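Dear colleague,

I am passing the structure on to you below, and the notes after it set out what I found. Please read them with the coordinates open beside you.

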Amino acid sequence: MQKSTVGMKTLTLKRLALVGCAAAVALCGCSRQSASITLAGSTAFQPFAEKLAEQYMAAHPDIGITVQGGGSAVGIQSALSGAAQIGMADLLELPAEAQALTSVVVARDGIALVVHPANPVTNLALAQARAIFSGTLRNWKDVGGADQPITVVSREAGSGTRASFEKLIGVVKLSPDALVQDSSGTIRETVINDQRAVGYLSHGLVNDKLKMLQVDDQECSTDKVIAGTYSLVRPIFLLTKGAPEGLAKAFIGYILSTNGQQCIQRNGLIPAQ
Amino acid sequence: MKARAEKLAQRILLVIALSAISSLILIALFIFKEGTPIMVKMGLRRFLFSSEWEPQAGLFGIYPMIVASLWVTLGAMLIGAPLGIAGAIFLNEFVPKTVLRIVKPAIELLAGIPSVVYGFIGVMVLAPLIRNHLGGPGLSILAAAVILGVMILPTVISISTDAIGAVPNSYREGALALGATRWQAVHMVILKAARSGIIASIILAMGRAIGETMAVIMVAGNTVKLPHSVLNSARTLTATIAFEMASATGRHREALFAIGVVLFVIIMLLNSFATVILRGRTTRA
Amino acid sequence: MRLVSPKWTQRIAVGVLGAATLATLLILLFIIVFVLEKGLRTICWNFLFTDPQDMGRAGGIFPTLIGTLLLPLLALAVALPLGVGTAVYLTEYTREGRLTRIIRFGTDCLAGIPSIIFGLFGFIFFVTILKMGWCLLAGGLTLAIMILPTIIRTTEEAIRAVPYSYREVSFSLGATRWATVVKVVLPNALPGIVTGVMLSIGRCIGETAAVIFTAGQALHLPHSVFDSVRTMSVHFYILAREGISAKNAYGTAAVLIISILLLNVTTYWLMHRFIGRRT
């Protein structure tokens, strides 16, 4: 009896090993997709890149496009290191190390100041926004709101949105009390959940659970950005090492095509031209 | 022929057996190689004890994060350890063994729930509670401590239960025969005998709390500032690595690796401590 | 003179300890009920087996289900032979000494390393230096190192629990050490090994930090080990944190919790079956 069970167990063991090997072989044996590229970087552009990739892959089913977040600095780094074929960056101006990369502006993007819908404040002067984000103006009542402290919500160091935003409103040093979140979506969720919060994110990512503030009496909308009256605007770059080739070139071409630009505009970004 | 095959098997197994330790060495080498230069350049004291963390300006002081990690971890221990140990005692000594046999696996099951789920519940349930009733931004040290305290419960209960269960029955019977109540037997005899196992469980849980990343990122608010109260938002060592690792270059990257070195050393110290305590127990037994 | 009689101290102690235990159980119950209550309704055939659309806002979670299946499998394919081999060496092929102490200490330390450090290492070593990019392979190898200590520990314990007499019988029949290990020791230690495997799978499924930095977060089916994948934990993290879809986030969390439940139940069932058969 003992012997037979032992035998059976050996068999199970062998079978387990076999299954493992088979799985490994199947994984390795499967050929790479005929073509695939990775985009990485700006979390502000990430959702749009994903949407564009989805559309592009629907038209070209044999192609794989992977979109990875991480922030603009990641976009520059991964394009330089080759971890991604295309880097995404949403900086006002590209840093020195990105000069080695080929860059193309694929869209422009307004940065919206957002608060909880229950917040009575509707407009901030640029100077007030600067004071709030620098940490010198700390109560909503000073800008016409309720008497409660302001919770400043910002992006992490290395974020293109943060770098652009700080440059645009003139913040030299962010308030040390600011909550820090690592993506546009998280900023949105934090502000949605907190009546005292104020944050900033890409205009295209604002939804109806948030209230956009006017800046210097100008609302953040596609029209105002194109007209040039809304001031918080930055470009979105796609970066490649050398001139884009093959699939990277084709995909960037698609984004710049009428179809691609329409998709971008439909989803709330401003076309490149 | 057979002997030769045996020899070969032994050699191969030896090489395999070195895989864990070589992975550890590889990881340590990498992290130390990348992380120590900046500590040397800046001076260890300035790196550890200055409060300015502004990577863009080239300022790397991790004191606020060390303090945040300590507060969060201590808070988690204050919540998790008493609850966990009380649970372990109660389940071992005051209820029938069948209850323990059902409840212990159920609690261990909770160790398997992804930390992001705990973190999300922290954001949705705990942070608003704190914000509305105690003040502050809600996403805070307190929220992180409570969530981590709950997360370490399975570790504490599981290891403490084993330690208490390993106390020979004769100890219990001896104490009871002398006329002690169950509680007297527990706190005078059993807890003393199981002490090292319980302490080890706390140390290991502490390691888990210091090392936890995702849940803390979600609930702690991540402000880089020396915290003044548990209602302040703060950023831990692990959160800083996770936040900035992908985008960091040059000195900034070195600084993140240096944080890795600090974490690595803390964990090593804790683990060595736990190992010594546990070994002390086995040699004595 | 005591203020409180021992009998009363006993009652108070039982009350306090009982309350603490109850509180623990209630907290844990709350977490499970909270997630299942919000997520169960979302789970259906379509949710599990269709592709996500619009970044997970609509559609199902099929690719993440596959990612969650493949990643632990790959990690195990690497860690299982190494872990079992180490345990066999420690228990069957060497005497206790400095080497075994070093190996054990190394294993313990590896077990305590925070997952973010594994992520940091995996990102720099596999993703960047070995130029794998974010992919299944980089994630699998990183997780393999992470679960190695668990496999070693559980296997070692299981092997130690195999009575020495089994080995003696095998040796006396003329079997070599290797044959004894393969035919007698390991089969009898199988339940313990299976437990270790299950624990490791659980750890892989629940891991987020190390996975996001090594396997990436691509939301489509992988075609080879060099493709990026997204596991359910990462998917949940992204859906919940970016506020993409609370409904699908809860659905994913519920699937995660149910998987872990099933994993645990299976483990216990297997263990009892094996133990039952042996006695």
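Helices (H or I, at least four residues) and strands (E, at least two) are taken here as DSSP runs, numbered from the N terminus. This is a predicted model, in which local features need pLDDT of at least 70 and side-chain atom pairs count only at pLDDT 80 or more, while totals for chains, interfaces and linings use all residues; side-chain values use heavy atoms, with hydrogens and water left out. Residues are numbered from 1 along each chain as its sequence is written, and chains are lettered from A and ligands numbered from 1 in the order in which they are written.

With that convention, C:Asp227 is found in the loop between α9 (209-214) and α10 (232-241) of chain C. C:Asp227 is buried, at a relative accessible area of 6%, where buried means under 20% relative accessible area, exposed over 50%, and partly exposed in between (1.4 Å probe, protein chains only). Its side chain reaches the backbone nitrogen of C:His223 at 2.8 Å; a polar contact is a pair of N or O atoms within 3.5 Å, and within protein one must be able to donate a hydrogen and the other to accept it, with residues adjacent in sequence counting only if both atoms are side-chain atoms.

C:Thr107, in helix α4 (residues 98-112) of chain C, is likewise buried, with a relative accessible area of 3%. A polar atom of the C:Thr107 side chain lies 2.6 Å from the backbone oxygen of C:Ile103. Apart from neighbours within four places in sequence, C:Thr107 is in contact (heavy atoms within 4.5 Å) with B:Ala20, C:Pro149 and C:Ile152.

Turning to the interfaces, 71 residues from chain B and 77 residues from chain C take part in the contact between these chains. The area buried there is about 6500 Å², of which carbon and sulfur atoms give 83%; buried area is the accessible area (1.4 Å probe) that two parts lose on being put together, summed over both. Helix α13 (residues 250-284) of chain B supplies the largest share of the side of chain B that touches chain C, namely 11 residues. By class, that side has 50 nonpolar, 15 polar and six charged residues, with Ala, Val, Leu, Ile, Met, Phe, Trp, Tyr, Cys and Pro counted as nonpolar, Asp, Glu, Lys and Arg as charged, and the others, Gly among them, as polar. Between chain B and chain C the rule finds zero salt bridges, a salt bridge being a side-chain nitrogen of Lys or Arg within 4 Å of a carboxyl oxygen of Asp or Glu.

Between chain B and chain A, about 1700 Å² is buried, 53% of it on carbon and sulfur atoms. In chain B, the residues that lose the most area to chain A are B:Arg131, B:Phe243 and B:Ser247, together 30% of what that side buries. The count between these two chains is three salt bridges, and B:Arg131 forms a salt bridge with A:Asp194, the closest N and O atoms being 3.7 Å apart.

With best wishes
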